[in-house]
Amino acid sequence: MIEGLVSYEVGGQTLWITTTHVSQLIITIVLIIVAFAVRNRMKKAEEVPGTFQCLCEAVVEMLDNMVITNMGKRGRKYCNYIITLFIFILLSNIGGIFGLRSPTADYGVTLMLALVTFVMIHYNGIRHQKKEYWKGYLDPFPVFLPVNIISEFATPVSLSLRLFANMVSGTLIMALWYALMPLLFRFVVPAALNVYFDLFSGAIQTYVFCMLTMIFVSQRFPEE
């Protein structure tokens, strides 16, 4: 259900700008505009904050606390990444409410997000665990090396498929509803379905993806 909008040639291969790219671009532009608006407002922060300043501080404080609670003090340096990841995935998941095709209903998007987590996991393992990191692949016996390697690569696959499958299922159900239901049932019921599949399910899947990212990365930290 991903539609190609514009095609172009690169090295003899035909590539497409799709509805996923357009949706991602719109979401990114919105995030950049909001980021500059928040930055300008915080530079003029008042002792008695207004509604916008209170809202921004509440969101950042809530997400900061979520990161530190799950990752400990060492997780402070990951706050910016996790907050950005959380907001981007949330907006991508609820894009259907605003008429966009959810970028996270495209496996290419969720796989790239999971691969970033995968790199962070093993970077922290090599950095903090050093020799113990490499020994872990031979645990409990050297014969388990192939199994341990496969299990590591299963992490980004399961992480990406979980988010992708949940979002694409909602997209498919809504498409089937609009295609099969009589005109009368296309106005009231879809609103409730959109609230569930886009808003509720989208928020839950955003939290799950970020939570698993924090858990997997923090597991590579040395014990305090």
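What volume does the largest pocket have? About 710 Å³. This is a predicted model, where local features need pLDDT of at least 70, side-chain atom pairs count only at pLDDT 80 or more, and totals for chains, interfaces and linings use all residues. Numbering runs from 1 along each chain as its sequence is written, and side-chain values use heavy atoms, with hydrogens and water left out.

Terms next. On a 1 Å grid over the protein atoms alone, a pocket is an open set of points where a 1.4 Å probe fits, with protein on both sides within 12 Å along at least five of seven lines. Lining residues have an atom within 4 Å of a point. Points are joined across faces, edges and corners, and the volume is the space filled by probe spheres set on them.

Back to the largest pocket. It has 22 lining residues, and Val34, Val38, Val59, Val60 and Ile87 are the closest to its centre. Helix 1 (19–43), helix 2 (51–71) and helix 3 (79–93) are the elements that each give two or more residues to this lining. Helices here are DSSP runs of H or I, at least four residues, numbered from the N terminus. Helix 2 supplies the largest share, nine residues. By class, the lining has 18 nonpolar, two polar and two charged residues. Nonpolar covers Ala, Val, Leu, Ile, Met, Phe, Trp, Tyr, Cys and Pro; charged is Asp, Glu, Lys and Arg; the others, Gly among them, are polar.

Now helix 2 itself. It has 21 residues and spans 30 Å from first C-alpha to last, close to the 30 Å expected at 1.5 Å a residue. That expected span is 1.5 Å times one less than the number of residues. Gly72 follows the helix, with a positive phi near 80 degrees.

On to helix 3, where Ser92 lies. Ser92 is buried, at a relative accessible area of 0%. Beyond neighbours within four places in sequence, Ser92 is in contact (heavy atoms within 4.5 Å) with Ile27, Ser102, Pro103 and Thr104.

Last, the second largest pocket. It holds about 330 Å³. Of its 15 lining residues, Gly96, Leu100, Arg101, Thr171 and Met174 lie nearest the centre. Helix 6 (145–180) and helix 7 (189–218) are the elements giving two or more residues. Helix 6 gives the most, six. This lining divides into six nonpolar, six polar and three charged residues.

Note on methods. Buried < 20%, exposed > 50% of the residue type's maximum accessible area, 1.4 Å probe, protein only.
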